[in-house]
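Thanks for coming. I will go through a few local features of one model, with the cut-offs stated as they come up.

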Amino acid sequence: MSKITTIADVRRHFLNNKEPIYFISATNFNLLGVGDWVGNFRHINYIDCFEGQQRNVFVPKEKFPRDFESIEDINNYLLEHKEVIDFIQSRAQGENAGVAAFLMFDEHTEEICEQLGLKVAFPPAQLRSRMDNKIETVRIGNKAGVPSVPNVLARVGSYQELCEVSRELGDDLVVQTAFGDSGHTTFFITNEDDYYKHAEEIEAESEVKIMKRINCRGSAIEACATRCGTVVGPLMTELVGFKTLTPYKGGWCGNEMFAGAFDQSVRDKAREYTFQFGEALREEGYRGYFELDFLIDMDNGEVYLGELNPRVTGASSLTNVAAFAHSDIPLFLFHLLEFSDVDFDLDINEINERWAHPESVDSWSQLVIKHTDESVDLLTRAPRTGVWKMASDGSIDYDHYNYHPHAAEDESEGFFLRISGAGDFRYEGADLGILITRGRLMDDDFQLTERAKAWIDGIRGEYAGQSLQDPVVEEVAVSHAVGGGNFKIL
C-alpha cells in the first residue's frame, strides 16, 4: 500500500480494513462508536450493556464464578475463555488472529495474546506500567518543562516525617501513592488524625508524592504520540467527588467538553504542555494514546500537571464523538495507525491547529453514576441502554434503543449505557451506568446544574433492588463485586 499522507487516506484505510481488531475490556464504554470507522472491529466484553442487541459486541454466555481484583484480571479471564478463543479463531486470517487493544493489560495478557496470535496495539506492559507511576509522571513532566503542583517526592514512615519533608508546602497537604485510581489513592491531610486514617497505605509505599493543596479545578486532555508528532485533543472539565454520583472523595465521575472550557490562555497552555509531554513520552519509548489530568489553580490561573494515564480512559468516550473527530477522524484511529504496518506521514501541526479551533469543539457531557449508599441489594430492575428523553418537569422516559451517543439529538435527550442490570448486586461504589448528553451539566462555578440533578434522579429512579436479609449472602455479594470499591472498570 502507498504511503498515507492525508486524513482521507486514513479514513479509507480503516473503512477498508479486513484484519480483525478487538477492544477487550469489561465494557465497550471507552470506545463507543469507533466500530463505525473501522472495518472488522469488534468489542469483547465481560458485561453485556446491550442485552445482546449490539452486533459488534461479543460477550461469552457462560460465566464462571471469579473474584476479580483488577481489570487486567477481567481481560485475562476473557482471553482464556473457550467461547472467546473460539470467536477469535473463527475470525483469524491464518496465524494472524488480529489486533487487540485494552483499557488495562499486564504481562500475562501479553503472553496469552502471543499464544492466540494476537498483536497488542500498545507499548509493552512493563513500559506502560512505568509510565503509569505518578512519581515517574512528575519526573517526566519536569524534564519536558511541564510543571506539577509544588511537591516533594519522599518515603514517609510517620506523621512527623511527613511534616518534616513537606515543611515548605504548608499544613494543608495532598498525598498520592504511585499507582491507582485517584478516588482511592489520593489523601487529603491537614492534621494527624487525617494522616492516621491513611497511614497504612502511605507507609507501605517506597515513595509518595506530597503536594501543596491548592484551590483548583480538574481538567483532562487526551492525545496520541505518533511517529509524526503528538496529536492533541481539546481540554475538558472534570466532574470530581460529587456525592450524588460517587462515594469517593476526589473520585472522577464525569467530564464536560465545550469550546469555552476555562479561558483561552489556560486552554493554549494545556495544549502546549500536552504536546511537550507527548514528545517526552516518545523519547521514553512510549507511543500511542494517553491522557493528562491538569489542575487549574483558580487563584492565579497556573496550569499544573496532575497525572498521566497511558491508555484510553473514561474521557475517551467524549473525545472520539466530538465534532473535530467526525470532521477528521477519532483520536483512537491515530493510535491504531501508529501500531499498524502502514507507512504514514501526516502534518500533525496542521491537525492540531484545526482541532484547537473553537468551531471544532461541540458541547458534550457525561455522568458516571455509582451506587453511593452503604448498602447491598440485588437489582430487580434497571434502565435499558439507549436514548432517554427528559420532559419539561424533569421526569425521564425511555425513547428508543441505540448504541451511539450521537443518537441523543438535543439537550432534552441523553444516551444511557447500562452497566449494572437486573440480577447484579448493587453495593457501595458499583457502577450503575453512564449518561452522555449534549450541552453542559455544570455551571461556571463547577456545580451540577438542575438538568444534571434531574438526570441523576431520573436514572436512579429506574433502578429497584431486593434487600439481602442474610449477612452471609451480603458478604459473598461484596466479595464477588466487579469494580466498585475494589477497582475502576471504566
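Which residues in α1 meet which residues in α13? Ile-7, Val-10, His-13 and Phe-14 in α1 meet Leu-333, Phe-334, Leu-336 and Leu-337 in α13, where contact means heavy atoms within 4.5 Å. Helices (H or I, at least four residues) and strands (E, at least two) are DSSP runs, numbered from the N terminus.

On provenance: this is a predicted model, in which local features need pLDDT of at least 70 and side-chain atom pairs count only at pLDDT 80 or more, while totals for chains, interfaces and linings use all residues. Residues are numbered from 1 along each chain as its sequence is written, and side-chain values use heavy atoms, with hydrogens and water left out.

Back to the pair. Helix α1 (residues 7-15) and helix α13 (residues 331-338) pack at about 75 degrees, axes 11 Å apart; axes are lines fitted to C-alpha atoms over the stretch in contact, and angles run from 0 to 180 degrees between N-to-C directions. That makes α1 roughly perpendicular to α13 (65 to 115 degrees; under 35 is roughly parallel, over 145 roughly antiparallel, the rest oblique).

Next, α9. Asp-194, Tyr-195, Ala-199 and Ile-202 are buried there (under 20% relative accessible area; exposed is over 50%, partly exposed in between, with a 1.4 Å probe and protein chains only). They cover an arc of only 145 degrees around the axis, which puts them on the same side of α9; the arc is taken from the directions from the helix axis to the C-beta atoms. On the other side, Asp-193, Lys-197 and Glu-200 are exposed.

Last, Arg-42 sits in strand β2 (residues 41-45) and is buried, at 14% relative accessible area.
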